[in-house]
Amino acid sequence: MALLINVATGDEVIVPSYTFASTANAFILRGVRPVFIDARIDTLNLDERLLPDLITPRTRAIVTMHYAGVACEMDAIHDIVADRSITVLEDNAHGLFGQYRGRPLGTLGALAALSFHETKNFPCGEGGCLLVNDEQLLDRAEILREKGTDRSRFWRGEVNQYTWRDIGSSYVLADPLAAILLGQLEERELIQQTRMRAWKRYMQELQPWAVTHGVTLPTVPPHCEHPAHLFYLCLSDASTRSRLIAHLASQGILAVSHYVPLNTSPFGRRLGGRPGQCPVSEDISKRLVRLPLYNDISDDDIDSVLESVTTCPL
Ligand SMILES: *Cc1c(COP(=O)(O)O)cnc(C)c1O
């Protein structure tokens, strides 16, 4: 992404604070200064209302990350950048097969990145994919992917030999991993049904408990369809969360939190981030926990999690 939009040292890219390091790394590697943007308290996506104050003449791109596969407010974001030369990008690691106003996530920015890491809905060990929605970037994307050569054109018979044409690296997925990934994608319906069933059971069956215990369940705006990537709870405070995690662990259930906001992480601070800069991310990061959600989760597994959560003395 960063290579394709030609960012350089001194440019700025707006990245969410509440996300994984990979969202920012691609740009940092090109010498870009990350500008951290806080999250909305409802969807935990970047808060688009903060964008006007963060945009400067050096802003080259805004990286949206659709947390839990629930879309960022893309129309509002596109409106804000409309008459400026700022590219909207998508980190769609969570959102494959999610939708925003009936449009698939990953088709809403000039470029979008997918992840097939083992923690995602469609894992192949390690791997990813770049979706190119801006046709003007397509030819160059093929070259960067193939070590800077026009090998793709050679394979298609468009040139007699391939040669070094641009900067690049080895971004192709190894064949064995691609085979594993294809197997997952062929089982898309089953994987998505199983995950969605677990997600919906958590959502429905935890509702009464959440209300009486001051716990917040995920918000999904009516114009968003999510792909059941993760299910999270926001507890009232950090110590309540620790008690819940410990209680689940004592019954053999692994529940984990995330993310350390990028602006307060050790490296984020070296890049200019500071505590207090993104109060919503910093608050949520202390209170959020994810419940088990995986591709072969069974009804019995879900029953155990529900039982354990609702009987935890908070
Ligand atoms: C998993 C993930 C990524 C990609 O991680 P890689 O390990 O680099 O594939 C990027 N952003 C977010 C928000 C993620 O959760």
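Analyst: Domain bounds here come from an automatic or database domain assignment. On that basis the protein chain is divided into domain 1 (12-144) and domain 2 (188-310), and the C-alpha centres of domain 1 and domain 2 lie 22 Å apart. The model is predicted, so that local features need pLDDT of at least 70 and side-chain atom pairs count only at pLDDT 80 or more, while totals for chains, interfaces and linings use all residues. Residues are numbered from 1 along each chain as its sequence is written, and side-chain values use heavy atoms, with hydrogens and water left out.

Taking contact to mean heavy atoms within 4.5 Å, 38 residues of domain 1 are in contact with 36 residues of domain 2. Between them the two domains bury about 3100 Å², 63% of it on carbon and sulfur atoms, where buried area is the accessible area (1.4 Å probe) that two parts lose on being put together, summed over both. On the side of domain 1, the residues that lose the most area to domain 2 are Tyr18, Phe36 and Asn121, which together make up 22% of what that side buries.

Zero salt bridges are found across this interface, a salt bridge being a side-chain nitrogen of Lys or Arg within 4 Å of a carboxyl oxygen of Asp or Glu. The count of residue pairs in polar contact between domain 1 and domain 2, both at pLDDT 80 or more, is 15; a polar contact is a pair of N or O atoms within 3.5 Å, and within protein one must be able to donate a hydrogen and the other to accept it, with residues adjacent in sequence counting only if both atoms are side-chain atoms.

Helix H1 (22-28), strand S2 (33-37) and strand S5 (99-100) each supply at least two residues of the side of domain 1 that touches domain 2, and the largest share, three residues, comes from S2. Helices (H or I, at least four residues) and strands (E, at least two) are DSSP runs, numbered from the N terminus.

As for the ligand, the residues around it include Ser22, His94, Ser115 and Tyr259, each with a heavy atom within 4 Å of it. An N or O atom in the side chain of Ser22 is 2.8 Å from an oxygen atom of the ligand. A polar side-chain atom of His94 lies 2.9 Å from a ligand oxygen atom, and for Ser115 the corresponding distance is 2.8 Å.

Tyr259 also concerns the backbone, as the peptide bond from His258 to Tyr259 is cis, with omega near -20°. Tyr259 is placed in the loop between helix H8 (238-250) and helix H9 (266-270). Most peptide bonds are trans.
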